[in-house]
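I opened my notebook to look up how this chain folds and which parts of it lie inside. The entries below follow the order in which I checked things.

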Amino acid sequence: MQSPLQANSIGRLVPDLPSECQCGRPLQSRTHSLSECPLYRTHRHLLGQGRQAQIRTLVGSRQGITHLASFLSKSGAYEKH
Ligand SMILES: [Zn+2]
């Protein structure tokens with residue numbers, strides 16, 4: 001059974017823009033936003049725990065996409081400021 005999204009389509013879902021992060025880090029990346037940035041610490045639980053929070057799971061299952069969408073919506077990550 002194929003996953004709803006291919007792992008390489010994450011770029012369309014969560015663009016990896018070469019820009020400075022709001023926290024001051026010179027280069028914002030998906031990894032930084034989803035697992036490292038202190039600005040999104042309070043929303044990170046929305047991604048799930050362990051394997052649930054891995055990018056392949058987040059874009060490779062309906063539940064993962066739901067978690068990722070919730071995180072993006074509530075955290076404001078990748079919103080234009
Ligand atoms: Zn940051």
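I call a residue buried if 20 or more other C-beta atoms lie within 10 Å of its own, exposed if 12 or fewer, and partly exposed in between, with the C-beta atoms placed from the backbone. This is a predicted model, in which local features need pLDDT of at least 70 and side-chain atom pairs count only at pLDDT 80 or more, while totals for chains, interfaces and linings use all residues. Residues are numbered from 1 along each chain as its sequence is written.

I looked up the elements, taking helices (H or I, at least four residues) and strands (E, at least two) as DSSP runs numbered from the N terminus. The protein has 4 helices and 0 strands, and 19% of its 81 residues count as buried.

I then turned to helix 4, where I found Gly64, Leu68, Phe71, Leu72 and Ser75 buried. Seen down the axis, with directions taken from the helix axis to the C-beta atoms, these buried residues fall within an arc of 95°, so they line one face of helix 4. On the other side of helix 4, Arg62, Gln63, Ser73 and Lys74 are exposed.
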